[in-house]
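Here is a set of exercises to work through with the model open beside you. Try each task before you read its solution.

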Amino acid sequence: MEDTTILWLFLLGKIVLFFSVVFGAVAPIMIWVERRVAGLVQDRYGPNRVGPFGLLQSLADGIKLILKEPLIPQGVRKPYYLLAPILAVVPAALSFAVIPFGPPTTLGGMFETPQRLQIANLNVGLIFVMTVTSLSVYGVALAGWASNNKFSVMGALRASAQMISYELAAGLAIVSIIMLSGSVDLMRIVESQAGLWHIFPGFLAFLVFLPAIYAETNRTPFDLPEAEAELVVGYHTEYSGIKFGLFFLSEYSIMTTVSAIAVLLFFGGWNLLPGLNWADIGIDIQNSMIGTLIAVSWFAAKVAFFLFLFVWVRWTLPRFRYDQLMGLGWKTLLPIAIFNILIIAGFMVFA
Amino acid sequence: MQIFDYSGVLILLILGVLTGVGAILASEILGSRRYYPRKDSPYECGIPSEGADNTRFSVKFYLVAVSFILFDIETIFLVPWAIEFQNYLQSGEGIFIFFIGGLFLFVLTLGLIYEWRKGLLDWNQ
Amino acid sequence: MMEFAFYLVAGLMLLSAGLVAFRPKPIESALWLILHFFLTSTLYVFIGADFVAVVQLLVYAGAIVVLITFVILLLNLNPQEISGGESIRWTSTVLFLCSLGAVLFCLHISTPSLLEKMPAPGSSFGSIEAFSRTMIQNYSWSFEVAGFLLLLALIGVGLLAYRRPSTRDHSNIENKSEAA
Amino acid sequence: MVDVSIAQLLFVSFAIFSIGAGGFLIRKNAISLLICLELMLNAVNIAFVSFSRLHNNESGTVLYFFVITVAACETAVGLAIVLNLFRLKKNIRIQEANALRG
């Protein structure tokens, strides 16, 4: 049994690491990548002045947003108006509580028993993530309603209708993954993919899951709620300065979480390749510090690919029309997800 | 070990709230202030706001929300089923568990077909 | 320490329940209800029912209150459409509470074993695996019936709320629709 | 896990149920009534889960599941009725829904 003080320190270390990496590094770098890629796609430079390659642009923007005048437009419902950005950030912060970012490890012999690289080892793992992402509807709905602006209310209604519709499809896709691995513990789901990644039996589920996470994070091609041309950025029209910045931050950190979930569920987490494990090439990811670091970086690289995919898709695909969007969610993805569960169940029983 | 795991969640919750409140407070303290009334008007593309502010919206949105919660609960019901699935497979009662889940999914599909036929899923009128 | 946490959560639950029941505006009630469900979920964690705790948040806070918030957003009511002569009839309220309290008190003095600390549950109690086993083994037909109930609710709502858009019906909320 | 007695949990459940019931009797707008109903059902759920813990038997938590199913159906249908009430009366005051009074 380990010393309790060390375990507490380890827990705090994981929290500080995760929190600062996601909020302090991934989100700002993603914003920078987003703008650079936009520049690349549109044959212009993008931000390249602040720091090397413009890397410090997000930092400069953050300082600017804090220093801006805290405007509260007349006619807003003030307490709710101030509450909404906070309600948007909290689920974003909570959502990475159960994400494991590496294999169980002894950190090169620091611990006697392997410790999980995960903030909270909840029995309900995956369902906790589903719960927290479903709570992010409130920030959006409340922001729109509190702004008391026609564009905002429309944007909020559209956003929440869209988020909940696609949450359903994502949920049913997740059910089929639970069937395949027999657990909702993300660590066990990754372990069950040591031989075969779930993307192969669960290809249909992935086809449903990918658009669903794009729609849940309100990203192009499903960014109807923010459609600048029609709704002047929708639910956060009336938000400026750091209050807008908080919505932005939560959007990017939820993007990170769902990318990590996609990797954990379908692409084997930190497993090397389908059919090839770390042990096969002589790397001990459990007991050696270097091995653990390699596994964590491999996982991070997979997540980074998914994050890049988000950006790539945004600057490639046009926006859907609203009826097409709801049609896709309810008439295409939902039946496919139901059908997929039946197929996988039938295959497991009869084959 | 339960206390460890949930205190991790609690600390994250507190950190999240602190980030939100702290950022807004910092902006209140550090932000510059140059006030004039135009700044505070609601933004509707520069023209003064027109029309009643309590516009009402299509009941379609309500139907989406209802379908969501009903299907969401069905999803939650499917999770225990999915977890038990492999246990039943191994004990040779795969047909039983398949039948249970299949019937449930059939009822769920009936609901979806009903909505579809009734036109609740059409948004392009 | 944990005892204190329990009393804190229980006290906050009662406070938030009071705010839910008696704040004048429905939107305030709904927001306090979210807090109330959060606290309830914490209570479930305290008694070791982890799966129930997360389902509480997922279904109540993540779905049912979303629906209520949606309706509040949709109707966008102004105060005179909501309020309507709410008078607290104190005598009947107090009588009601007293009679309920008397029932509970009688129960407690008749069975003192209720006041003992609960024994520690089995190690798997509250886990999703134990829950699944019980549900599929013992309640598989109830599971199907629940699915059927949800279907009936869906049909009921379809019949009640949805009217096909008609040209004559200009007085209802559909004609101000945004997306349709 | 916290060491508590079933009486403490039942008291919390009872108190919330009474608050919900009181709100249900006093409030006059339809949405608040539904919210109070949720509060009452939630109180009942606390009792179910507590007894489940007391007897170390998962049946109580399964019952909790069926209660939330009923709660969701009740809210969905109830709010549909509220929407219809609003269409008819242009408000959601419950005392104006008196068309069926004899």
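A residue is called buried if 20 or more other C-beta atoms lie within 10 Å of its own, exposed if 12 or fewer, and partly exposed in between. Keep in mind that this is a predicted model.

**Exercise 1. Describe the fold of chain A**

Task: work out the secondary structure of chain A and check whether its radius of gyration agrees or disagrees with that of a compact globule.

Solution. 
- Step 1. Count the elements: chain A has 12 helices and zero strands. Its pattern from the N terminus is therefore α-α-α-α-α-α-α-α-α-α-α-α.
- Step 2. Turn to the dimensions. Along the principal axes, the C-alpha atoms of chain A fill a box of roughly 60 × 50 × 45 Å.
- Step 3. Apply the globule rule. A compact globule of 351 residues would have a radius of gyration near 20 Å, and chain A has 21 Å, so the two agree.
- Step 4. In chain A, 54% of the 351 residues are buried. Among contacts with a separation of 6 or more, 78% join residues 24 or more positions apart.

**Exercise 2. Judge chain B and its contact with chain C**

Task: find where confidence is lowest and highest among the helices of chain B, then say which element gives the most to the side that touches chain C.

Solution. 
- Step 1. Read the confidence. The mean pLDDT of chain B is 79, and 78% of its residues score at least 70. The lowest helix is α1 (residues 2-30) of chain B, with a mean of 84, while α3(B) is highest at 88. Where pLDDT is low, the predicted coordinates should not be read in detail.
- Step 2. Check burial: 41% of the 125 residues of chain B are buried.
- Step 3. Now take the contact, which uses 40 residues from chain B and 45 residues from chain C. On the chain B side, the elements giving two or more residues are α2 (60-90) and α3 (94-118) of chain B. The most comes from α2(B), with 19 residues. By class, this side of chain B holds 26 nonpolar, seven polar and seven charged residues.

**Exercise 3. Follow the contact of chains C and D into the core**

Task: describe the side of chain C that touches chain D, then identify which residues touch the most other members of the largest nonpolar core.

Solution. 
- Step 1. Take the totals: 71 residues from chain C and 62 residues from chain D form the contact.
- Step 2. Find the leading element. On the side of chain C that touches chain D, α1(C) gives the most, with 12 residues.
- Step 3. Sort this side of chain C by class, which gives 52 nonpolar, 14 polar and five charged residues.
- Step 4. Move to the core. The largest nonpolar core has 245 residues, and Leu67(C) and Val71(C) touch the most other members. α3(C) is its main contributor, with 22 residues. At least three residues of this core come from each of domain 1 (1-82) and domain 2 (124-163) of chain C.
- Step 5. Look around Val71(C). Leaving out residues up to four places away in sequence, Val71(C) touches Tyr62(B), Ile31(D), Leu79(D), Val82(D) and Leu83(D).

Definitions and conventions
Residues numbered from 1 in each chain as written. Chains lettered and ligands numbered in written order. Predicted model: local features only at pLDDT ≥ 70, side-chain atom pairs only at ≥ 80, totals over all residues. Contact = placed C-beta atoms within 7 Å. Helix = DSSP H or I, 4+ residues; strand = E, 2+ residues; numbered from the N terminus. Nonpolar A, V, L, I, M, F, W, Y, C, P; charged D, E, K, R; others polar. Core = buried A, V, L, I, M, F, W, Y, C linked by C-beta atoms within 7 Å. Domains from an automatic or database assignment. Rg over C-alpha atoms; globule rule 2.2 N^0.38 Å. pLDDT = per-residue confidence, 0-100.
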